[in-house]
Amino acid sequence: MLLKMPLKISCTYQDGPRLLACAFALAFTLAGASLPAAARAPSKSSPAAAASSDEPAFKLAVNAKHALVLEEGTGRVLMQKNPDEMVPIASLTKLVTAMVVLDAKLDMNEKIRIQPDDVDTLKHSASRLRVGTELTRMAALKMALMASENRAAAALGRTFPGGMAGFVQAAQAKVRSLGLHRTAIAEPTGLSPQNISTATEVAKIASAAGRYADISRITSDKLEQVALNGKPRQVNNTNRLVGARGWDIRLSKTGYTEEAGRCLTMRMMSGGKPVTVVLLDADGSGQRLRDAARIRQTLAKLRS
């Protein structure tokens, strides 16, 4: 049925071409007017509608300069802030270090010794591992992931087949195998500002690391005992949210350097669904934790 609507096309020209153009314009206008409203409106499957469904689920003013919240089952981005800028990632690097070491199928019970080459001469960071300390490769992995021990991570790289050069080559191959084109790993600790990635690609690193049972178990423990020189020592998780009431964290890694700021990535459960959170370059530990808490609260409201 034709819709009754005013037509503002006036055909006043008498010459042939202009009269013909006017007739075409009038015909198209009438055709459009005769279409039902449903036909004129963009369909739900149209590109415009699809674009709107790809919008993040919520916006949140976080302190971190780069952030991403990803729903793992669907791959949907729930929240983001400057997610694709390449920045230093500090000790989040150690997730890649752990994957590379485990991929190599090395003897995790083999004892290794901390050497002078493992000492941080770049940032002069503190360490509980004195030169000469003996520990198993698994103990070094636990200290690198839970306590973010740089000497432990350095020792894992140094004792990798082919030494440190072999480790770096394997780490770069690992990030390429994950399809990461904005991530570079220069050494195993994360102390170098040349270890870079984006919030988007860190989320992919966390997702890949979560498929390793050892990494998930170690990083989601609040504390653990390791043997150093044959004596038990307690190792605490650097993420204070692990084991805290109301949190169900399945993987966690913190990081800090002056260039990277305070960083955090987690895989956690929210409303029965796995969610990956990435926070890069927050101003301080407190700000980083507040950002994470606000994200958790917003997710809870979203799923209620």
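User: Which residues of α4 and α7 meet, and what makes this a contact?

Analyst: Val96, Thr97, Met99, Val100 and Asp103 in α4 meet Phe167, Ala170, Ala171, Lys174 and Val175 in α7, and the word contact applies where heavy atoms lie within 4.5 Å. The model is predicted, with local features needing pLDDT of at least 70 and side-chain atom pairs counting only at pLDDT 80 or more, while totals for chains, interfaces and linings use all residues. Residues are numbered from 1 along each chain as its sequence is written, and side-chain values use heavy atoms, leaving out hydrogens and water. By class, the contact of α4 with α7 has seven nonpolar, one polar and two charged residues, where Ala, Val, Leu, Ile, Met, Phe, Trp, Tyr, Cys and Pro are nonpolar, Asp, Glu, Lys and Arg are charged, and the others, Gly among them, are polar.

User: Why are α4 and α7 called roughly perpendicular?

Analyst: The axes of α4 (residues 93-103) and α7 (residues 163-177) come within 10 Å and cross at roughly 105°, each axis being a line fitted to C-alpha atoms over the stretch in contact, with angles from 0 to 180 degrees between N-to-C directions. Angles of 65 to 115 degrees count as roughly perpendicular, under 35 as roughly parallel, over 145 as roughly antiparallel and the rest as oblique; α4 and α7 are therefore roughly perpendicular.

User: How do you know how α6 is oriented relative to α7, and which residues meet there?

Analyst: The axes of α6 and α7 come within 7 Å and cross at roughly 95°, which makes α6 roughly perpendicular to α7. Ala154, Gly157 and Arg158 in α6 meet Gly163, Met164 and Phe167 in α7, a contact of three nonpolar, two polar and one charged residues.

User: What makes β2 and β9 the edge strands of the sheet?

Analyst: Five strands form an open sheet in the order β2-β1-β11-β10-β9, with antiparallel pairing; β2 (76-81) and β9 (249-257) each pair on one side only. Strands here are DSSP runs of E of at least two residues, and helices are runs of H or I of at least four, both numbered from the N terminus. From one strand to the next the twist averages 5°.

User: How do you know that β9 and β10 pair, and what is the bridge partner of threonine 257?

Analyst: Two strands pair if DSSP finds at least two bridges between them, and β9 and β10 (residues 261-270) have eight, in the antiparallel sense. The partner of threonine 257 is glycine 261 in β10.

User: What joins β7 to β8, and which residue of their hairpin takes a positive phi?

Analyst: Six bridges join β7 (residues 223-228) to β8 (residues 231-236), and the two strands run antiparallel, with leucine 223 opposite asparagine 236 in β8. The hairpin has two residues between the strands, and asparagine 229 takes a positive phi near 55°.

User: What is the volume of the largest pocket, and what makes it a pocket rather than a cavity?

Analyst: Its volume is about 310 Å³, that is, the space filled by probe spheres set on grid points joined across faces, edges and corners. On a 1 Å grid over the protein atoms alone, a pocket is an open set with protein on both sides within 12 Å along at least five of seven lines, whereas a cavity is a set of points where a 1.4 Å probe fits but cannot get out; lining residues have an atom within 4 Å of a point. Of the 15 lining residues, Ser91, Ser148, Gly255, Tyr256 and Arg262 are closest to the centre, and β9 supplies the largest share, four residues.
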